[in-house]
Amino acid sequence: MKYRRLGRTGLRVSVVGVGTWQFGGEWGKEFTQPEVDGIMERARELGINLIDTAECYGDHLSEALVGRAVRRERDHWVIATKFGHRFIDHLQRENLWSPQDVRLQLEDSLRALQVEQIDLYQFHSGGDEVFDNDALWTMLDKQVDAGKIGHLGISISSGLDPAHQVSRAVEVGASTIQVVYNRLDCGPEETAFPSCIEQDLGVLARITLASGFLSGKYQPGARFTEESDLRSGCCPPRHEATSTRPSPYTVTASQNPAMPPSRSQVKTDRSGSTPGTEVGSTVYEGARTGVHVAPGTRVDIALGVPRSKAAAHP
């Protein structure tokens, strides 16, 4: 496993992380505690130490599953979670951005995760109008001083130009950003990464395999029929999963500890596994080497580090 410094946080994190949106039950499967325990145990064996979750992956459900799984080895893990929403029902959320509401969310997350401090607490897909709330960031800064939060971050909505929030990151006390970044969506290379380099911000890249589209598992015409799978309501992509656009950035694909690497890098795993529970086993590096990922893969989150920073901070 490779490790890198996560920007201004100074945290040493694995380049592969465990994304946990699926634990909230919106990817076509409900996870049991033993299943989550097994995933985290295998992640630990592989050297993974980064977990990303959120308050609204279920009503703190993902956090609770993660908290129970890692409580005996808490010091090994860097736990990132988020704030700003309350889970109502499948793909339904209530936005809660007031300092008072976020303070309550923080306490609920601490209880669910069974921790005294959250390593990275991220503003979760809010618009610029709620982001620009000095009272919110002042409250959060006080929670950092109180030891309940290690570091602050910004997880930016996929439908939002990230420029404003990235530019103000250090000003509001944030040390990291999280953005959608994959070989089909390279926008952050122009809209976010240059500013991240200037400010020494850590970068978390999510949906790095385009919700499975870049995994090699699904063939044209594939459908997701489980109503609880968020992809069941999506139209099939109309473009090919290829790109020859050169990139100056390094991206790593997450690995699912529950699935052993396949012997073949070209045959698709048809073992009846559930969509939304698998992630890859192969690191890929931009378009210069192409997208080469193990069959049966899906990624919710991975860590991307601009090469200029990676060279200086291995």
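Reader: Which residue forms a salt bridge with Asp134?
Author: Arg168 does, with the closest N and O atoms 3.9 Å apart. A salt bridge here is a side-chain nitrogen of Lys or Arg within 4 Å of a carboxyl oxygen of Asp or Glu. Bear in mind that this is a predicted model, where local features need pLDDT of at least 70, side-chain atom pairs count only at pLDDT 80 or more, and totals for chains, interfaces and linings use all residues. Residues are numbered from 1 along each chain as its sequence is written, and side-chain values use heavy atoms, with hydrogens and water left out.

Reader: Where do Arg168 and Asp134 sit in the chain?
Author: Arg168 is in the loop between α6 (163-167) and α7 (169-172), while Asp134 is in helix α5 (residues 134-145), 34 residues apart. Helices are DSSP runs of H or I with at least four residues, strands are E runs of at least two, and both are numbered from the N terminus.

Reader: Is that Arg168 buried or exposed?
Author: Buried, at a relative accessible area of 14%. Asp134 counts as exposed, at 53%. The cut-offs are under 20% for buried, over 50% for exposed and partly exposed in between, using a 1.4 Å probe and protein chains only.

Reader: Which residues are in one network with them?
Author: Salt bridges that share partners join Asp132, Asp134, Arg168 and Glu171.

Reader: How many salt bridges in the whole structure?
Author: The search finds 16. One of them pairs the side chains of Glu26 and Arg93, at 2.7 Å from N to O. Those two are 67 residues apart, with Glu26 in the loop between β3 (17-19) and α1, and Arg93 in strand β7 (residues 92-95). Glu26 is buried at 1%, and Arg93 is partly exposed at 26%.

Reader: Switching to helices. How many residues of α2 are buried?
Author: 7 of the 10, so α2 is largely enclosed by the rest of the structure. Among them are Leu65, Val66 and Val70.

Reader: And what covers them?
Author: The cover includes α1 (33-46), β4 (50-52), β5 (78-83) and α3. Contact means heavy atoms within 4.5 Å.

Reader: Which residues meet between α2 and α3?
Author: On the α2 side, Glu63, Ala64, Val66 and Gly67; on the α3 side, Ser109, Ala112 and Leu113.
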